[in-house]
Amino acid sequence: MRIGVFTCHCGENIGKTVDCPAVSKAAADFPGVVHSEDYKYMCSDPGQNLIKQAIIEKNLDAVVVGSCSPHMHERTFRKACSSAGINPYMVEIANLREHCSWIHDDIPSATAKAIDLLRFAVERVKFNEPLTPIKVPVTKRALVIGGGISGIQASLDIANSGFEVILVEKEPSIGGHMSQLSETFPTLDCSQCILTPRMVEVYQHPKIKLMAYSEVENVEGFIGNFKVTIRKKARYVKDELCTGCGLCFQKCPIKKAALSEFDEGLTTRPAMYVPFPQAVPNIPVIDKSICTYFKNGKCQMCKKVCGRDAIDFDQQDTLIEENVGAIIAATGYKLYSIDKKPEGSIYQGYGEYGYGKYKDVINGLQFERIASASGPTSGEILRPSDKSVPKKIVFIQCVGSRDESKGISYCSKICCMYTAKHAMLYKHKVHGGEAYVFYMDIRAGGKMYEEFVRRAIEEDGVKYVRGRVSRIYKENGKLIVKGEDTIAGVKVEIDADMVVLATAMIAQQEAPKLAQMLGVPYDKHGFMLEVHPKLRPVETSSGGIFLAGACHSPRDIPESVAMASAAAAKALVLFGSDILEREPVVAKVNESTCAGCLYCRKVCAYNAIEIKEIKDRQGNIQKVVAYVNSSLCQGCGTCNATCPSKSVELIGFKDDQIYAQIHAFSED
Amino acid sequence: MEQMRDTFLKRVIDITSQDPSSCYQCGKCSAGCPVRDFLDDPPNRIVRFVQLGLYEKALSSSSIWMCAGCLTCSSRCPKNFDLAKFMDALRQIALQDKIEPADKKVFKFHKAFMKQLKKYGRSYELGLIRDYKLLTGDFLQDIDAAPSAFMKGKISIAPHKVKEKEKIKKIINRAI
Amino acid sequence: MNENLLNEKQKAAHSEVEKQWEPKIIAFVCNWCTYTGADLAGTSRLKQQPNARLIRVPCTGRIDPVFILKAFENGADGVLISGCHPGDCHYNAGNFHARRRWIFFKTLLDFVGIDSSRLFFSWVSASEGKKWVDVINNVIDTVRSKGPFKSYKNLNKKWVISK
Amino acid sequence: MKFGYYPGCSLSGTAKEFDLSLKETLSVLNTNLEEISDWSCCGASSAHISSHLLAVALPARNLIIARKQGLNDLVAPCAACYNRLVTTQHELKLDEKIRVKSEEILEEKYKDGLEICNLIQLFQKIGIERIKELKKINLNDLKAACYYGCLLLRPADITHFDDKEDPSSMEEIVKAAGAKTVDWNFKTECCGASHSIPHVEIVEKLGKAILDNAIKNGADIIVTACPMCHANLDMRQKNIIKHNPEQKSIPVLYLTQLLGIAFGIEYKKLGLNRHTIDPVPLLKEKTKKFAEAAA
């Protein structure tokens with residue numbers, strides 16, 4: 001085998017701690033290597049040309065590139081080699097940047113390690129074999145999980161391109177958190193006014209199948225070919241009959257049965273309800289846990305008043321299977337709670353702010369409801385405890401966010417802006433009221449954002465105090481807010497009527513479960529991970545699965561919408577071709593040695609192992625062996641490690657390829 | 001200044017095993033400090049002095065002596081920075097470098113306390129108060145509280161001594 | 001020659017070797033979680049000791065116990081296996097099968113004369129760059145404190161010669 | 001039941017009544033104390049100013065003696081001593097360097113394993129149910145503000161005891177003794193601690209805020225588990241009243257004294273006569289109704 005080794009300096013990134021010329025020189029002496037050179041930027045056009053030229057001139061049949069992580073440029077180099085006539089799978093990458101130069105300081109030991117890494121790759125490539133990608137068809141339908149603004153945007157973009165979309169929302173209505181908001185920064189336009197038309201568009205779109213009050217239960221398959229199981233939860237209302245007249249829930253006798261989710265617990269709702277008047281679909285649900293009929297078999301008031309006979313107490317959850325080619329996760333966020341023991345939360349509560357025991361200490365979404373014209377106070381700023389107008393109001397930013405002691409190190413990004421908006425709305429609505437904002441930094445990066453914050457301070461007279469609040473407690477009917485202004489170095493103690501906490505944006509509690517189902521990595525906070533933070537921000541490491549909105553990280557509406565459109569575009573790229581090429585990393589059985597024990601079948605997570613009968617010339621079964629259905633196999637290699645007779649091998653990661661690497665180790 | 005900053009910072013880190021640069025100056029410590037009204041500089045500013053390497057400003061502030069060690073700041077710090085430990089370290093450095101304590105009363109109290117400890121292995125209130133008064137020359141303070149404390153048997157006339165008091169003395173001498 | 005002197009010399013030479021000795025670690029890591037986590041550590045410029053060499057496999061499920069024996073045989077003083085957290089496997093259940101396998105395998109290691117405390121397992125996700133650094137440094141430090149793993153290597157050499 | 005006992009300097013001095021009432025109460029609860037022989041001062045907040053090592057070594061000496069004495073459980077009723085002891089234990093366990101250095105100067109090996117508890121944990125271990133069973137005097141009319149101060153709860157990751165911002169364990173014991181508790185805001189606020197001597201003005205100001213809040217929230221007495229808190233709130237209360245003529249007085253009791261009262265122990269045995277603010281008239285008044293009924 002004639003191998004060429006190419007060592008990249010990556011500008012200074014590798015070259016600074018790894019002596020690249022020395023590495024290249026050492027590699028030239030490896031057995032089998034006939035060409036070795038180093039260059040400043042191997043991934044650049046001239047760099048790629050060096051490789052191509054060497055392949056042709058030196059008649060190479062395998063190439064090893066020492067460069068950045070294979071996750072970065074493996075594709076680039078495979079393509080370059082392929083264009084010079086080498087099979088792309090005859091290319092190996094040694095990770096000299098992420099796994100060497102960037103993590104070590106000492107030049108001699110980093111250089112020695114780089115030489116090792118190249119030798120491993122050279123030994124491995126000797127056992128590589130030319131492979132051809134597997135071709136699979138593409139199902140040109142998309143699943144969008146989550147019906148907030150991100151999910152709505154992604155669905156509309158895909159549907160408007162002519163492809164079918166299934167939009168799954170776990171709540172009874174789509175709209176998400178945006179439907180709860182009063183006005184939006186920095187333009188102060190009414191949130192519902194801009195959102196509702198989009199919601200209706202989704203509902204009426206012939207290409208969108210809306211499944212509200214439903215949850216994704218299972219995901220199988222792979223890019224272009226997912227099989228999804230969706231649980232449609234029983235509403236106890238037949239949606240095909242319901243006209244949304246509302247008579248049923250108006251007559252529901254269990255009026256104040258539960259705290260309204262939509263109003264963030266500031267109001268109550270009946271046992272039968274639609275979350276809010278503009279709900280889409282406008283079909284009520286019965287909350288089984290509190291409905292009198294479900295509790296003791298009596299009542300049935302809703303059924304009596306329904307002119308269409310749409311109430312169905314016997315309705316059951318149904319499981320629906322759908323085939324899709326792409327999935328967009330748009331599950332959004334929820335707010336961190338300061339309560340002592342929020343159910344299932346991974347974060348600590350805020351005892352110093354009262355663990356949620358003071359009624360007039362509320363969070364940002366509650367303030368949105370109070371400020372909203374459709375909210376419990378019709379937009380009048382009244383505090384929850386006694387419905388009086390708060391004369392002095394304190395806003396506290398970074399509650400939970402940037403607070404490692406509570407378990408959250410990140411910035412929630414949107415709080416600076418919405419707090420400025422809240423303070424501004426308060427000043428507009430309560431004349432003569434005093435508004436204080438406690439902040440650590442003001443992060444107002446965005447078009448017209450900084451100007452907006454300055455307006456709150458300069459024109460509306462909101463008093464900004466730089467410092468965190470140590471404690472809030474109640475005394476003589478006032479909320480005592482103990483703070484400090486670190487700029488003046490003075491104590492700031494305010495006796496407030498109401499306090500609004502800008503609590504952190506956190507991932508939905510079920511997000512990790514969904515991520516596991518989708519095979520998408522997620523961080524310790526439950527936010528899903530993109531495959532590359534700069535260049536592939538909406539793609540995940542699972543092909544065909546894309547991210548939109550706050551399920552990825554805290555973000556505001558315009559960013560969520562942009563990300564949703566980007567995710568839709570990625571899905572549409574996929575739908576642009578009928579056939580998809582997949583990595584040929586699949587398992588293959590050696591039928592002559594396979595004993596047919598089928599242990600491999602037991603451990604295969606994809607049901608990719610089938611039973612094949614080997615027959616003699618008369619058609620009598622001689623033995624059974626395992627057979628890998630390569631369109632189902634995802635290439636994990638568990639069967640390979642499990643097989644007692646080593647009769648099944650993972651192409652691309654065969655035993656001898658890995659042994660070659662291990663053997664190379666003994667040579668240092 | 002850079003060099004000074006680094007050695008000062010290093011000494012603080014050596015004693016406390018925590019890096020003051022982790023403090024992002026939110027001021028929550030100062031906001032909740034019970035002795036805030038009696039401080040020359042709010043606690044967060046003392047951390048800032050150290051971050052900037054302002055050795056004299058930090059060590060000559062009365063704040064390092066006025067800290068009551070109640071741990072309110074440490075327990076509420078969003079960055080888990082143990083400010084009480086940090087203040088202890090600054091007091092130690094100030095003493096090592098013989099920097100005049102900005103609050104002599106607290107310093108003399110501790111000194112008197114240590115003297116009792118060295119002598120008896122335990123703190124002996126009468127001795128403590130006597131030594132403290134000798135150090136401060138403030139003989140009138142507490143003159144009204146003292147008789148009642150005696151009457152109620154709160155302050156005993158004779159010191160309680162540890163048998164191994166020589167050993168305690170040795171421990172103290174070796175540890176300092 | 002004075003025997004004692006020789007011994008002293010030998011001792012000195014030996015301790016010199018001991019001083020210079022640095023542990024060699026082979027780490028088998030899965031492509032999706034730990035390899036990516038190690039990439040993140042690199043991108044974040046988190047410094048680590050240079051003693052580990054990573055071998056990338058698609059999934060910890062792919063790791064055959066023989067790999068580990070071979071690793072020790074070929075000069076590893078310690079072996080680390082690291083993959084996705086339970087439940088997070090890119091391939092649904094590969095890491096789970098791997099885990100089951102190791103429970104059985106550890107006792108086997110002791111049986112064939114390899115100190116099983118030189119074999120390490122960890123879960124490092126794609127977002128845990130910092131954790132990866134802690135894991136790898138800890139493995140290196142632990143193995144360093146144990147000293148070089150000689151018995152199996154020598155065995156291997158003998159075997160090679162006789163062959 | 002038997003516990004090792006570290007009284008600390010205060011309980012053998014200014015807070016003698018804490019020691020007396022503790023022993024009285026525990027004898028009712030059938031619990032014995034074994035004092036650490038020849039214990040020495042924990043160093044309080046003063047050892048720290050000279051060296052961190054000394055601040056660790058002084059408590060370590062006592063921990064070593066306790067182990068040598070064969071003790072497994074140790075109670076340190078003084079919150080300040082408790083804090084120094086558990087913090088030291090924590091550091092010795094986690095910081096190898098400081099452990100080795102401490103052993104060097106102490107000329108003795110340190111062995112971990114002692115379970116150190118504060119006053120509240122002691123009663124939790126004995127069993128709160130036992131208190132309910134053994135109480136004799138009805139304290140239903142008495143409203144107590146439970147004052148934890150700073151050092152009983154902090155640092156929370158070392159003490160692992162109750163909620164650091166909203167504790168309730170002392171209330172449970174007080175309720176078990178039959179008294180009522182009030183919800184108030186200054187349960188964990190600092191009283192000024194060792195500033196008691198060098199800066200009376202600070203202690204008076206902080207103490208006043210605590211007293212005021214307890215009174216405002218309807219408390220008849222303040223209950224505490226720390227001799228320093230007690231000194232600052234009781235002994236200094238006289239001065240606070242002197243400087244603020246409108247100030248109402250409020251007795252400050254040790255938790256052990258309150259339990260002793262509930263168990264029907266003589267006031268004098270509990271050292272109630274030793275307080276600056278005499279609690280006896282109030283206690284008599286609050287128990288009068290029941291005493292009459294009993295008669």
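Predicted model: local features only at pLDDT ≥ 70, side-chain atom pairs only at ≥ 80, totals over all residues.
**View 1. Chain B and chain D up against each other.**
Here we look at where the two chains meet. Chain B brings 54 residues to the contact, and chain D brings 59 residues. Putting them together buries about 5100 Å², and 57% of that area comes from carbon and sulfur atoms.

Zoom in on the interface and you can pick out six salt bridges between chain B and chain D. Take the one that joins E108(D) to K167(B): their side chains come together with an N to O distance of 3.1 Å. Which helices of chain B supply at least two residues each to the side that touches chain D? They are α5 (63–66), α6 (72–76), α7 (83–96), α8 (104–120), α9 (125–136), α10 (145–151) and α11 (165–175). Sort the residues on that side of chain B by type and you get 26 nonpolar, 17 charged and 11 polar.

**View 2. Two helices of chain D crossing.**
Now for a spot within chain D. Helix α5 (residues 79–94) and helix α6 (residues 96–106) of chain D have axes that come within 5 Å and cross at roughly 105°. That angle makes α5(D) roughly perpendicular to α6(D). On the α5(D) side, the residues in contact are E91(D), L92(D) and L94(D), and they meet E96(D), I98(D), R99(D) and S102(D) of α6(D).

Conventions
Residues numbered from 1 in each chain as written. Chains lettered and ligands numbered in written order. Heavy atoms only, no water. Contact = heavy atoms within 4.5 Å. Buried area = accessible area lost by both parts, 1.4 Å probe. Salt bridge = Lys/Arg side-chain N within 4 Å of Asp/Glu carboxyl O. Helix = DSSP H or I, 4+ residues; strand = E, 2+ residues; numbered from the N terminus. Nonpolar A, V, L, I, M, F, W, Y, C, P; charged D, E, K, R; others polar. Axes fitted to C-alpha atoms, helices over the stretch in contact; angles between N-to-C directions. Parallel < 35°, antiparallel > 145°, perpendicular 65-115°, else oblique.
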